[in-house]
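Below is a short briefing on one protein chain. Look at the sequence and the model before reading the points.

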Amino acid sequence: QVQLVESGGGSVQVGGSLSLSCAVSGYVDSSNCMGWFRQAPGKEREGVVRIHTGVGKSYYADSVKGRFTISRDNAKNTVYLQMNSLKPEDTAMYYCAAQIPVSWWAFCSDRSDDYQYWGQGTQVTVSS
């Protein structure tokens, strides 16, 4: 059974940085789509960033480009999200999600319905 466990998050002031981790256990293929999604109170869940763990291609939402960086350590089955220059609008519950497995040429979508596995979520709060 695949499990995703997030860590990191917390509270930070505007302009600060936070780092999230997502460790994947259970069946893990070398070619997966891993994504970070977020949901603020009263808003729909949105895709923040995704990465194809096989080829390393990443996709960012416009709202976080230049501020967030996704990376992966395939040996540890872990995906990281480095968040810099945080803004109050980044405040949300952040979820790690996975599509396992995908083809090597797959496009990692930002549709939450495409992801079979989800972590429990970790809160990020940015205060001004």
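How far apart are the mean positions of the positive and negative charges of the protein chain? The mean positions of the 11 positive and 11 negative charges are 5 Å apart. Lys and Arg count as positive, Asp and Glu as negative, while His and the chain ends are not counted; a charge is placed at NZ of Lys, CZ of Arg, CG of Asp or CD of Glu.

This is a predicted model, in which local features need pLDDT of at least 70, side-chain atom pairs count only at pLDDT 80 or more, and totals for chains, interfaces and linings use all residues. Residues are numbered from 1 along each chain as its sequence is written, and side-chain values use heavy atoms, with hydrogens and water left out.

**Strands**
- The protein chain has 11 strands and 0 helices (DSSP runs numbered from the N terminus: strands are E, at least two residues; helices are H or I, at least four).

**Burial and contacts**
- Of the 128 residues, 44% count as buried (under 20% relative accessible area, with a 1.4 Å probe and protein chains only).
- Among contacts with a separation of 6 or more, 59% join residues 24 or more positions apart (contact means heavy atoms within 4.5 Å).

**Val-124**
- Val-124 lies in strand 11, which covers residues 122–127.
- Val-124 is buried because its relative accessible area is 0%.
- Beyond its neighbours within four places in sequence, Val-124 contacts several residues, including Gly-9, Leu-18, Met-83 and Tyr-94.
- Glu-44 is 80 residues from Val-124 along the chain, and their C-alpha atoms are separated by 16 Å.

Terms used. Buried means under 20% relative accessible area, exposed over 50%, partly exposed in between (1.4 Å probe, protein chains only).
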